[in-house]
Amino acid sequence: MYYGNIKSYDIADGPGVRVSLFVSGCRHHCKGCFNAETWNFEYGQPYTKETEDEIIRMLEPAYIQGLTVLGGEPFEPENQPQVTELLRRVKETYPEKDIWCYSGYLYDVDMQKGGSVYTDVTEEMLSYIDVLVDGEFVEELKDITLLFRGSRNQRLIRLEKGKDVGRYGE
């Protein structure tokens, strides 16, 4: 897996101050994407054990609320194994910190057994995510007044052990 960027102080991609990992590789190619360079699966730098160690270190301060993983596309099958390992380690090291993940794929369609991006680690990956923002960015539905999303079709889903337990903020 490659990644395009790591932000050590992000306030745009979830509540509070967060660490954000922008993975590379995305097949959606949404019109108007703010991060189109990450569509390429080899954009940026290789994700290594040292990269993961650095993310864990960045999460240490008490004022960091959590981790956000976006991209690119974290749920591309090629990215899921390494993202899952990172999320597992974050939850083991900092159980009090929350994890947000952005995906153009739909939770109730693509990420379920038989779905287009379902793999042998999808359920585990979902089990570590507290809030999933799902759905492709649709430029015609762009709305800058929305909380933590870019277009009206996207959903903020609160997950508990990989199960949908409601919409964030409701």
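**Close-up A. Helix α1 passes helix α2 in a right-handed crossing.** In this predicted model, α1 covers residues 49–58 and α2 covers residues 80–93. The two pack at an angle of about 35 degrees, and their axes sit 11 Å apart. On the α1 side, the contact comes from Lys49, Glu52, Asp53, Ile55 and Ile56; α2 brings in Glu85, Leu86, Arg89, Val90 and Thr93. Sort those residues by type and you get 5 charged, 4 nonpolar and 1 polar.

**Close-up B. Arg89 and Glu52 join up in a salt bridge, 3.1 Å from N to O.** Glu52 is buried, with 9% relative accessible area, while Arg89 is partly exposed at 22%. Have a look around the pair as well: Lys49, Glu52, Asp53 and Arg89 are linked in a salt-bridge network.

**Close-up C. Arg27 reaches Glu78 through a salt bridge, with the closest N and O atoms 2.4 Å apart.** Here two loops get linked: Arg27 is in the one between β2 and β3, and Glu78 is in the one between β4 and α2, 51 residues apart. Arg27 is partly exposed, at 46% relative accessibility, and Glu78 is partly exposed too, at 38%.

**Close-up D. Arg155 and Asp134 form a salt bridge at 2.5 Å, N to O.** Arg155 sits in strand β7 (residues 155–160) and Asp134 in strand β6 (residues 131–134), so this pair ties together parts 21 residues apart in sequence. Asp134 is buried, with 0% relative accessibility. Across the whole structure, a search turns up 13 salt bridges.

Definitions and conventions. Residues are numbered from 1 along each chain as its sequence is written. This is a predicted model: local features need pLDDT of at least 70, side-chain atom pairs count only at pLDDT 80 or more; totals for chains, interfaces and linings use all residues. Side-chain values use heavy atoms; hydrogens and water are left out. Axes are lines fitted to C-alpha atoms, for helices over the stretch in contact, and angles run from 0 to 180 degrees between N-to-C directions. Helices (H or I, at least four residues) and strands (E, at least two) are DSSP runs, numbered from the N terminus. A crossing is left-handed if the near helix is turned anticlockwise from the far one by less than a right angle, and right-handed if clockwise. Contact means heavy atoms within 4.5 Å. Ala, Val, Leu, Ile, Met, Phe, Trp, Tyr, Cys and Pro count as nonpolar, Asp, Glu, Lys and Arg as charged, and the others, Gly among them, as polar. A salt bridge is a side-chain nitrogen of Lys or Arg within 4 Å of a carboxyl oxygen of Asp or Glu. Buried means under 20% relative accessible area, exposed over 50%, partly exposed in between (1.4 Å probe, protein chains only).
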